[in-house]
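My entries follow the display.

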Amino acid sequence: MDDTGQVGSPMHRAVQSAERLFDGARQRVRDLFASHDQPLEVTPYRTYGTPERLEVRGRVLVRRSLPPAQSTDSWLRNVRRTVRSFLTYEMPDVEVTVERRGETAGGRTDEEGYFRVELPIQGAIGWTQASVQVKRADTVQAQVLVPAPSSRYLVISDIDDTLLPTGATRTATLIRTTLLGNAFTRAPFPGIAEFFASLVGGAAGSEDNPIFYVSSSPWNLYPFMRTFFAAHGLPVGPVILRDFGIDRQKFIHGPHEDHKLHEIRRILDTYPDLACVLVGDSGQRDPEIYATIAAEYTDRIRAIYVREIGDEPRFDQVKALAADLPVPLVSAGTTAAFHEHARSIGLIAGS
């Protein structure tokens, strides 16, 4: 991207001004809804925590009526659902209360309707639920993962073109794929669900290793991803996406690399006693991001698996990068190659 697309550039300032006008119009609509006691909805995100602290995240929007996806939906119905998932009316400065077993904590939504509340607890293990309460909205249950004592390592995986084919390296293909399909009609790469299940089981088959999905996709696609994982048998784990906003600090959606590095470091720092396996693809910057993480956490990264997406010159770049890493990086076009390597170094069960 040239200087016209950088933070602080004339283009950035123009787009920022346009978004302010658009946000102002949306705020007037929100005020209208609020004055008429329009029902709200809370979307809780699957997150993670420790035995002493849960982090509950989500978003508060004006309630919409989005019909659930079906395997028989037409392409036009899929387009309408996808477009409507981005046409949201966020509710800023809304009070949020989180409760679990008598312990409560509160917070407020930001200007885009997002909230993040930390709840002190005692002795939580595995998937733990906390209720999220907002006025004019139904109470919902947020799911927060606390790794089990049996866990030996954690898995951090990208989503687009790592487990879900999207064509992210080609904008037209990405838009067409996202718009025309749904969680049931789109399929994961062959063998990826089985590979992830093996990693969760670990060498003993019962380690219950946690898996985290870290992507640069917008939070608007969270309901799609939640349904997609369930429909195709992918292990359940916390999902960390990002906001596609425009402000003084970020242009369009902020740097892809910064977002992923921040979230991966945060996960690793939360669980300093667990090793880690990283899974991504060559289509964007996953290899370079993971190389940075490997340099910072060398003694904890057991392996890096990169799905080959794109063209041969990019594959060669990834292989050259792998040669200089202090940890094994396996670059391949099939999930079977990852499975074989993971078994050979004792990450998963099998001989």
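I take helices to be DSSP runs (H or I) of at least four residues, numbered from the N terminus, and I keep in mind that this is a predicted model.

Entry on helix H9. I looked up what follows H9, and found Gly346, whose phi is positive, near 80°. Within H9, which spans residues 335-344, I noted Thr335, Phe338, His339, His341 and Ala342 as buried. I then checked what these buried residues pack against, and the partners are helix H4 (192-201) together with strands E13 (301-307) and E14 (329-332).

Entry on aromatic pairs. I found 14 aromatic pairs in the structure. Phe212 belongs to strand E10 (residues 211-218), while Tyr271 sits in the loop between helix H6 (256-270) and strand E12 (275-281), so the pair ties together parts that are 59 residues apart in sequence. Phe212 counts as buried at 0% relative accessibility, and Tyr271 counts as buried at 7%.

I next looked up Phe228 and Phe229, whose ring centres are 6.3 Å apart with planes at 65°, so this pair is edge-to-face. Phe228 is buried with a relative accessible area of 1%, and Phe229 is buried with 2%.

Entry on the ring cluster. I saw that ring pairs link Phe195, Phe196, Tyr213, Phe224, Phe228, Phe229, Tyr305 and Phe338 into a cluster.

Last entry. I noted that Arg307 lies over the face of Phe189, at 4.0 Å from the ring centre.

Notes: Residues numbered from 1 in each chain as written. Predicted model: local features only at pLDDT ≥ 70, side-chain atom pairs only at ≥ 80, totals over all residues. Heavy atoms only, no water. Buried < 20%, exposed > 50% of the residue type's maximum accessible area, 1.4 Å probe, protein only. Helix = DSSP H or I, 4+ residues; strand = E, 2+ residues; numbered from the N terminus. Contact = heavy atoms within 4.5 Å. Phe/Tyr/Trp six-rings, centres within 6.5 Å; stacked < 30°, edge-to-face > 60°. Lys NZ or Arg CZ within 6 Å of the ring centre and 35° of its normal.
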